[in-house]
Amino acid sequence: MIAVKFSTSVCPQCSQQAKLLKKQPLSITLKEVVLDKDENGDSLMDALDLMSVPTIIIFNDFETTFTKEQLKQNELKRFKGLTMPAKINAWIDEQRKK
């Protein structure tokens, strides 16, 4: 599993999310994609139907070059908006028990 945090460089909530994640890191690898700076940002927004940031999506596997179908097949859970890391880690722990 890998967590991917989608944000923009001008989003105040995205900055808050980053601070929370520094204080309480996730229990899995976290990759950050800044949509307005990543060369694949626009295509990822379309492929994942991202309507708001920050959004953290847990994937089985993730590459920015994946097709829309590959992204959808690998998506496990989506956390929209400012989300406490404890809530995300609780979901991850629950999945590991299955």
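This is a predicted model: local features need pLDDT of at least 70, side-chain atom pairs count only at pLDDT 80 or more; totals for chains, interfaces and linings use all residues.

Glu75 is partly exposed, at 23% relative accessibility. The model has three salt bridges in total.

Next, pick Lys72 and Asp49. They form another salt bridge, and their closest N and O atoms are 3.4 Å apart. Lys72 sits in helix 3 (residues 68-74) and Asp49 in the loop between helix 2 and strand 3, so the pair ties together parts 23 residues apart in sequence. Lys72 is partly exposed at 42%. Asp49 is partly exposed too, at 43%.

Move to Glu32 and Lys5. Their side chains meet in a salt bridge at 3.5 Å, N to O. Glu32 belongs to strand 2 (residues 29-34) and Lys5 to strand 1, so this pair links parts 27 residues apart in sequence. Which of the two is buried? Lys5 counts as buried, at 2% relative accessibility. Glu32 is partly exposed, at 47%.

Step along to Val33. Leaving out residues up to four places away in sequence, Val33 touches Val4, Lys5, Phe6, Ser7, Asp38, Leu44 and Phe62.

Now show the largest nonpolar core, 14 residues. Phe6, Val33, Leu44, Leu48, Phe59, Phe62 and Leu71 touch the most other members. Strand 1 (2-7), helix 2 (41-48) and strand 3 (55-59) each supply at least two of the core residues.

Last stop: a second, separate core of ten residues, including Leu26, Ile88, Trp91 and Ile92.

Notes:
Residues are numbered from 1 along each chain as its sequence is written. Side-chain values use heavy atoms; hydrogens and water are left out. A nonpolar core is a set of buried Ala, Val, Leu, Ile, Met, Phe, Trp, Tyr and Cys residues joined through side-chain atoms within 4.5 Å. Buried means under 20% relative accessible area, exposed over 50%, partly exposed in between (1.4 Å probe, protein chains only). Helices (H or I, at least four residues) and strands (E, at least two) are DSSP runs, numbered from the N terminus. Contact means heavy atoms within 4.5 Å. A salt bridge is a side-chain nitrogen of Lys or Arg within 4 Å of a carboxyl oxygen of Asp or Glu.
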